[in-house]
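Let's take a walk through this structure together. Have the sequence and the 3D view open, and follow along from one spot to the next.

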Amino acid sequence: MTGLYVPGSGPLHRTPAGPKLLALLVVGAALVVAAHHWLAVGALGAALVLYPVVGLPPRHAFGVLRALWPFLLAIGVFQTLFGDWQTALRLCAQLAALVLLANAVTLTTRVGEMLGLFERLARPLRRVGANPDRVALVLALTVRSIPMVLVAWRTAREGYVARGLSGRPYLLVVPVIVQLLRMADATGEALVARGIDEETRRQG
Amino acid sequence: MLRLEGVSHSYDGRAVLRDVTLDLAEHRIGVIGANGSGKSTLARTLNGLVVPDAGTVSLGEWNTRRHARRVRRRVGFVFSDASHQIIMPTVAEDVEIGLRSLRLGAEETARRVDRILERFGLDSHRDHPGHLLSGGQKQLLALASVLVTEPEVLVCDEPTTLLDLRNTRMVHRTLERLDQQVVLFTHDLDLLTGFDRVLVIDDGRVVFDGAPGEAVPFYVDRMERADREEADR
Amino acid sequence: MPTPTTTHVRYKGLTARDLSLIAVFAALIAALSVSVAIPIPFSPVPITLQTLGIMLAPTLLGWKRGTLAVATFLALGLAGLPLFAGGRGGLAVLAGPSAGFIVSWIFAALVIGVLTDLMIRGGKYSFWKGLGINLVGGILVIYAIGVPWMAVALGDGVLAAGLSMLVYLPGDAVKAVVTALIAATVFRAYPIPPAGRPVLEEAA
C-alpha cells in the first residue's frame with residue numbers, strides 16, 4: 001500500500017502527519033485571507049524550492065503542475081481580459097502553491113500514517129456510534145478488496161466475451177456486482193467466525 | 001466436547017437440519033454428504049455462525065445461543081474459499097488481526113505471529129498481499145490465521161474443494177499434524193483415511209456414524225443407489 | 001393478552017456483513033475509477049466510471065452503507081492512494097479547482113441513498129424512478145456543488161467553469177441510465193438485506 005508516497009528521509013518525511021496537515025491548513029487560510037498577489041507568488045516560489053530541499057525529485061512538482069495547466073490558463077486568460085492582471089497572478093500562484101504544498105504532504109506521508117491521522121480525527125464521531133476499530137477495519141478491508149474486485153471485473157469480461165454477448169454492456173456489470181455481494185457475505189461471515197467483528201448484542 | 005442436542009434448522013420453510021443429536025469427542029471426525037444435504041449448515045452451527053431454530057449446540061458449559069463469542073473463541077472455522085477469509089491487506093497483518101481481540105500485548109502478539117508464519121512456511125511472504133499467494137498458500141494462511149488464536153477445535157468446511165492435488169495433500173498433511181480436535185466437512189473421501197469417526201449426512205439427518213472404513217462405502221453405495229433410482233424414473 | 005400490541009422490526013447499527021459490504025463497494029468505486037479512462041483534450045480529468053460507482057453504492061446498499069462506502073473511498077484517495085480519475089490522489093485534489101466535485105460525492109450518495117430507500121420501502125425498484133433519482137443525486141447535486149466551487153477557485157469564471165463541465169455531462173447521463181438498469185437487474189437477482197441488526201420493537 002505505497003500509493004503516491006515517495007520513500008525518503010528528508011525533514012518532511014520525519015515530520016508526523018498531524019503537524020504537516022495543520023501547517024498546510026494554516027498556509028492555505030493565510031493565503032486566501034491575505035489575498036495579495038506578491039504574497040501568493042512568494043508562496044509559489046517557496047513551494048517550488050521546498051521540493052529539492054526536502055529531497056523530493058522535481059519531476060513530482062512538474063507532475064502536479066502539468067495536471068493544473070488548463071485551469072491556470074483559463075484563470076490567466078479570463079482574469080486578464082475581464083479583471084486585472086494582479087487577480088490573475090494571485091489566483092494562479094495561490095492555486096499552484098497550495099496544490100504543490102498539499103502534494104508535498106502526500107508524497108512524504110505513508111498512506112498508513114495518513115489513515116491513522118484520519119482515524120484519530122474521526123474519533124469525536126464515537127459519540128454518534130462510530131467505533132474507531134471498525135473504521136480501521138473497513139479501511140483495511142477495502143485495500144484488500146480492490147485487487148479482488150479487479151479480478152472479478154476481468155473474469156466477468158471474459159465470460160461476457162466468451163458467451164458472445166455484446167451491445168448491452170451493463171449486463172457485464174451485473175454478474176460482477178452479484179459476485180461482490182456474495183464476496184461481502186462470505187467476508188462478513190468470516191469476520192464473525194474469526195472473532196474480529198462481533199455483533200455484540202444478541203438479536204432481539 | 002462439542003454436543004448437539006435436538007438441532008433443527010430451516011431456511012425459508014425448507015428444513016436443512018432435522019433433529020440432530022451428537023457428541024463430538026473423537027480427535028479426528030469427518031463429515032460427508034451430498035450438496036444440499038445440510039452439511040454446510042451443520043458446520044456453521046458448531047461455532048454459532050448459524051444458531052439453530054431448535055435445539056442447542058454447546059461446547060462444555062457454553063452454548064452458541066447464549067455465549068456465541070465464547071464458543072467461537074474456542075472453535076476455529078476454515079471456509080472453502082480462503083480468499084474471502086483473508087481480511088487484511090498483507091499476510092502478517094491478517095494473522096495478527098485475529099489475535100487483537102485476545103489483547104495479548106504487542107510483544108506476545110508479534111511472537112505468536114512469527115511462530116505461526118514460520119510453522120506454515122509463510123515467513124518469506126509476511127509483507128506480501130494475501131491475494132497474491134497461490135491457492136494452496138492462501139488456504140495455509142487461512143489455517144494459520146485461525147490456529148494462531150489456539151482454538152480447542154478446528155471446523156473445516158470443504159477446505160480443499162478449490163485446490164489441486166498437490167495443495168490438497170499439503171493441507172491434508174497440515175491438518176494431520178494438528179494437536180487440536182478437527183471436524184472436517186468434505187467431499188474428498190481420500191482425506192478421511194486415518195480418521196477416528198465419520199458421519200454421513202443426508203437430507204438433514206445423520207444416516208451413518210462409524211469408522212471411515214465403513215462410512216465411505218456406505219456413502220458411495222447410497223449415492224449410486226440414488227443415481228439408479230433417478231435413472232429408473 | 002389484554003391489549004393487542006403490534007410489533008415491527010427496526011434495523012439498528014451495522015453488522016459485520018454491512019462492514020464488508022461497505023468495504024467491497026468502496027473497492028468497486030476504486031476499481032471503476034482506475035480501470036477505464038477516456039482522456040478529454042485540455043483536461044487533466046479523464047472520463048471514468050467513477051461516478052457509476054458513486055451512484056451504484058447508495059442505490060444498492062441504501063443511504064447509510066452507501067454514503068459510508070463513498071466516504072471510505074474518499075479517505076483512501078485523500079490519504080495518498082492514486083484512486084481518483086486520472087490516477088490522481090492525495091491532498092492535492094482538495095487544493096485543486098475540481099475539489100468541489102470530490103466533496104459533492106458524499107452528498108450525492110446521501111441523496112441517492114435516501115431517495116432510493118424511500119422508493120424501495122414503498123414497493124420495488126423501478127427503472128424510471130431510479131433514473132430520476134440518479135439524475136437528481138448523481139448530476140444535479142454534483143454539479144450544484146462542483147461548478148460554483150470551481151468558479152470560486154478560478155476567480156469570477158462561473159460561465160467558463162460551467163461550460164467546461166458540459167464535456168462530462170453526456171457521460172454522466174449515460175451512467176445514470178446504466179446505474180438504474182444495473183440496479184433493476186441486481187434487485188431481481190440477489191436479495192440485499194437492509195443494514196443493521198433486526199430489533200423487534202413493540203408499539204402499543
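## Two rings side by side

C:Phe127 is partly exposed, since its relative accessible area is 22%. Keep in mind that you're looking at a predicted model. C:Phe127 forms an aromatic pair with C:Trp128, and the arrangement is edge-to-face: the centres are 4.9 Å apart and the planes make an angle of 75°. C:Trp128 itself counts as exposed, at 68% relative accessibility.

That pair is one of 9 aromatic pairs over all chains. Elsewhere in chain C, ring pairs link C:Phe73, C:Phe84 and C:Trp105 into a cluster.

## Getting to know chain C

So what is chain C built from? It has 7 helices and 4 strands, and going along the sequence they follow the pattern β-α-β-β-α-α-α-α-α-α-β. Of its 204 residues, 55% are buried.

C:Ala26 is 30 residues away from C:Leu56 along the chain, and their C-alpha atoms are separated by 11 Å.

## A nonpolar patch on the surface

Which residues form the nonpolar patch on the surface of chain C? They are C:Trp63, C:Phe107, C:Leu110, C:Val114, C:Leu115, C:Leu118, C:Val136 and C:Leu140, and together they have about 680 Å² of accessible area. Two elements give two or more residues each: helix 4 (99–121) and helix 5 (127–153) of chain C.

Helix 4 of chain C gives the most, with 5 residues. C:Leu115 lies in that helix, and at 33% relative accessibility it counts as partly exposed.

## Sheets in chain B

Over in chain B, there's an open sheet of 4 strands in the order 2-1-4-5, with antiparallel pairing. Strand 2 (14–24) and strand 5 (62–63) of chain B stand at the edges; each has a single partner strand, so one side of each has no neighbour in the sheet. Strand 2 of chain B pairs with strand 1 (residues 2–11) of chain B in the antiparallel sense, over 7 bridges. To find your way between these two, look for B:Arg3, which stands opposite B:Asp23 in strand 2.

Strand 9 (residues 197–202) of chain B is worth a stop too: 5 of its 6 residues are buried, so the strand is mostly covered. It runs parallel to strand 3 (residues 28–33) of chain B, joined by 5 bridges, and B:Val31 has B:Leu199 in strand 9 as its bridge partner. Strand 9 of chain B also pairs with strand 10 (residues 205–210) of chain B, this time in the antiparallel sense and again over 5 bridges. Here B:Leu199 stands opposite B:Asp209. Strands 9 and 10 of chain B form a hairpin with 2 residues between them, and B:Asp203 in the turn has a positive phi of about 50°.

## Salt bridges, within and between chains

The count comes to 20 salt bridges over all chains. One of them joins A:Asp185 and C:Arg17, with the closest N and O atoms 3.3 Å apart. This pair crosses between chains, from helix 8 (residues 170–193) of chain A to helix 1 (residues 16–35) of chain C. At 29% relative accessibility, C:Arg17 counts as partly exposed.

Inside chain B, B:Asp157 and B:Arg44 form a salt bridge, and their closest N and O atoms are 2.8 Å apart. The two sit 113 residues apart, B:Asp157 in strand 7 (residues 153–157) and B:Arg44 in helix 1 (residues 39–45) of chain B. Are they buried or exposed? B:Asp157 is buried at 5% relative accessibility, and B:Arg44 is buried at 13%. There's also a network of salt bridges in chain B that links B:Glu108, B:Arg111, B:Arg112, B:Arg115 and B:Glu150.

## A look at chain A

Finally, chain A is divided into domain 1 (11–121) and domain 2 (130–193). How far apart do the C-alpha centres of these two domains lie? The distance is 36 Å.

Key:
Residues numbered from 1 in each chain as written. Chains lettered and ligands numbered in written order. Predicted model: local features only at pLDDT ≥ 70, side-chain atom pairs only at ≥ 80, totals over all residues. Heavy atoms only, no water. Domains from an automatic or database assignment. Patch = residues over 30% accessible without salt bridge, like charges linked within 9 Å, V, L, I, M, F, W, Y side chains within 5 Å. Areas by Shrake-Rupley, 256 points an atom, 1.4 Å probe, with all protein chains shown as cover. Salt bridge = Lys/Arg side-chain N within 4 Å of Asp/Glu carboxyl O. Buried < 20%, exposed > 50% of the residue type's maximum accessible area, 1.4 Å probe, protein only. Pairing = 2+ DSSP bridges. Phe/Tyr/Trp six-rings, centres within 6.5 Å; stacked < 30°, edge-to-face > 60°.
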